[in-house]
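Biologist: I am new to this chain and would like a close look at a single part of it. Could you walk me through the disulfides and what surrounds them?

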Amino acid sequence: MSSPRVAVCIALLLLLGEARDSVSLTCNPTDLSACGSAITSAEPPSQRCCSKLKELNHCLCPYLKNPNLQKFVNSPNARKLISTCGIPIPKCQLEPS
């Protein structure tokens, strides 16, 4: 493989890696729908719910800071759900007012 081709391949791999990382860090509240019944009732979480929560663990603090979402994420059922799924309850830093 020639040197310019190698450089192009490396550049593409780096760009794809960055795109994958930015996509994986996207927080979409509708992704929590897999846990809807476990959040709003005492129903135990499904395996799909726990898997989704583990994927979205980095989103919990932003959700807690959102007045429209915090009542769902900070409810007693949600805390129990997070614990049942084996996810540590995040310690979020509050932004200064």
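Modeller: Happy to! A disulfide here is a pair of cysteine sulfur atoms within 2.5 Å. By this rule the count comes to four disulfides, and with bonded cysteines counted along the chain, they follow the pattern 1-5, 2-3, 4-7, 6-8.

A word on the model before we go on. It is a predicted one, where local features need pLDDT of at least 70 and side-chain atom pairs count only at pLDDT 80 or more, while totals for chains, interfaces and linings use all residues. Residues are numbered from 1 along each chain as its sequence is written, and side-chain values use heavy atoms, with hydrogens and water left out.

Let's begin with Cys27 and Cys59, whose sulfur atoms are 2.1 Å apart in a disulfide. The link of Cys27 and Cys59 is left-handed, with -95° about the S-S bond. Cys27 lies in the loop between helix H1 (3–24) and H2, and Cys59 in the loop between H3 and H4, so this pair ties together parts that are 32 residues apart in sequence. Helices (H or I, at least four residues) are DSSP runs, numbered from the N terminus. For exposure, buried means under 20% relative accessible area, exposed over 50%, and partly exposed in between (1.4 Å probe, protein chains only). Cys27 is partly exposed at 31%, whereas Cys59 is buried at 0%.

Next come Cys35 and Cys49, joined by a disulfide with S to S 2.0 Å. With 115° about the S-S bond, this link of Cys35 and Cys49 is right-handed. Cys35 sits in the loop between H1 and H2 and Cys49 in helix H3, so the pair connects parts 14 residues apart in sequence. Both Cys35 and Cys49 are buried.

Finally, a disulfide joins Cys61 to Cys92 (S to S 2.0 Å). Its torsion about the S-S bond is about -90°, so the disulfide of Cys61 and Cys92 is left-handed. Cys61 lies in helix H4 and Cys92 in the segment after H6, so the pair ties together parts 31 residues apart in sequence. Cys61 is buried at 18%, while Cys92 is partly exposed at 24%.

Definitions and conventions. Helices (H or I, at least four residues) and strands (E, at least two) are DSSP runs, numbered from the N terminus.
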